[in-house]
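This report covers helix packing and charged side-chain pairs. The sequence and structure come first, and the description follows.

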Amino acid sequence: MGTPETSREPCPDRILDDVGGAFGMGAVGGSAFHFIKGIYNSPKGARLVGGSQAVRMNAPRVGGSFAVWGGLFSTFDCTMVYLRQKEDPWNSIIAGAATGGFLQMRQGLGATARSAAMGGVLLALIEGAGIMLNKIMSEQQQQQQMVMEDPGAGLPGMPQMGGPPGSEESSSVGSWLGGLFGKAKEPEPAGSGSETKVLESFDAPPVPSFEFK
């Protein structure tokens with residue numbers, strides 16, 4: 001199973017991919033939000049018109065803001081990949097902090113620091129959730145593979161009854177069952193004469209002879 005870093009597009013194609021995805025996300029989300037807001041703020045009889053006007057005025061702006069954030073984030077991410085020569089969650093965390101700080105540079109040093117810290121914490125939470133989800137899914141796949149290979153594995157209290165007749169494993173299971181439900185019947189040795197005794201007990205009496213001598 002691939003990690004979020006290895007499953008993404010390689011740089012620099014990642015930048016265009018993230019710009020397009022972020023714009024689509026912002027446009028769709030902004031359209032839904034501003035349409036509901038426009039309907040709520042419009043007078044009766046013109047709610048649909050007011051909602052559509054709010055979408056036309058605000059959805060492209062929201063999509064553009066998301067696209068700018070996504071483009072900057074991917075640019076910083078690819079820069080960290082080039083400098084560190086490896087893909088790991090630290091690249092995304094640093095890129096999130098750099099993007100948040102870069103977008104607030106005009107507001108002053110304090111706003112830049114706060115935005116950078118918020119961006120880094122947000123990306124750290126996202127990366128941590130992704131890593132935990134991948135770990136849980138990989139453990140579930142391993143357990144499914146173990147169950148498919150050995151259906152009796154991992155079941156507590158289940159005796160393994162997979163031995164050929166006459167082996168120590170099958171004899172121990174037989175003795176355990178015999179002790180649980182009564183005394184087990186011991187097999188009789190071959191040639192004991194039990195069959196002969198049974199047949200002799202059913203012999204007919206001698207038939208009298210009526211021949212004249």
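Which side chains meet in a salt bridge at 2.9 Å, N to O? They are those of Arg 14 and Glu 87. A salt bridge here is a side-chain nitrogen of Lys or Arg within 4 Å of a carboxyl oxygen of Asp or Glu.

The model is predicted, so local features need pLDDT of at least 70 and side-chain atom pairs count only at pLDDT 80 or more, while totals for chains, interfaces and linings use all residues. Residues are numbered from 1 along each chain as its sequence is written, and side-chain values use heavy atoms, with hydrogens and water left out.

**Overall make-up**

The protein chain has six helices and zero strands, and its pattern along the sequence reads α-α-α-α-α-α. Helices (H or I, at least four residues) and strands (E, at least two) are DSSP runs, numbered from the N terminus. The chain has 213 residues, of which 23% count as buried. Buried means under 20% relative accessible area, exposed over 50%, and partly exposed in between, with a 1.4 Å probe and protein chains only. Among contacts (heavy atoms within 4.5 Å) with a separation of 6 or more, 55% are between residues 24 or more positions apart.

**Salt bridges**

The count of salt bridges comes to three.

| Pair | N to O distance |
|---|---|
| Arg 14 and Glu 87 | 2.9 Å |
| Asp 77 and Arg 14 | 3.1 Å |
| Arg 84 and Asp 88 | 2.6 Å |

Salt bridges that share partners join Arg 14, Asp 77 and Glu 87 into one network. In the bridge between Asp 77 and Arg 14, distant parts of the chain are linked: Asp 77 lies in helix α2 (residues 47–84) and Arg 14 in helix α1 (residues 13–41), 63 residues apart. Both Asp 77 and Arg 14 are buried. The bridge between Arg 14 and Glu 87 spans 73 residues, from helix α1 to the loop between α2 and α3. Arg 14 has a relative accessible area of 2%, whereas Glu 87 is partly exposed at 34% relative accessibility.

In the pair Arg 84 and Asp 88, Arg 84 is partly exposed, with a relative accessible area of 28%, and Asp 88 is buried at 13%.

**Surroundings of Val 81**

Val 81 belongs to helix α2. Its relative accessible area is 16%, so Val 81 counts as buried. Beyond its neighbours within four places in sequence, Val 81 is in contact with Arg 14, Lys 86, Glu 87 and Asn 91. Two of these contacts, Arg 14 and Glu 87, are also joined in the network with Asp 77. Val 81 and Ser 92 are 11 residues apart in sequence, with a C-alpha to C-alpha distance of 9.5 Å.

**Packing of α3 and α4**

Helix α3 (residues 89–103) packs against helix α4 (residues 109–149) at an angle of about 150°, and their axes are 7 Å apart. Therefore α3 is roughly antiparallel to α4. Axes are lines fitted to C-alpha atoms, for helices over the stretch in contact, and angles run from 0 to 180 degrees between N-to-C directions; those over 145 degrees count as roughly antiparallel, under 35 as roughly parallel, 65 to 115 as roughly perpendicular and the rest as oblique.

The residues that meet include Ser 92, Gly 96 and Gly 100 in α3, and Ser 115, Gly 119 and Glu 127 in α4. By class, the contact has seven nonpolar, eight polar and one charged residues. Ala, Val, Leu, Ile, Met, Phe, Trp, Tyr, Cys and Pro count as nonpolar, Asp, Glu, Lys and Arg as charged, and the others, Gly among them, as polar.
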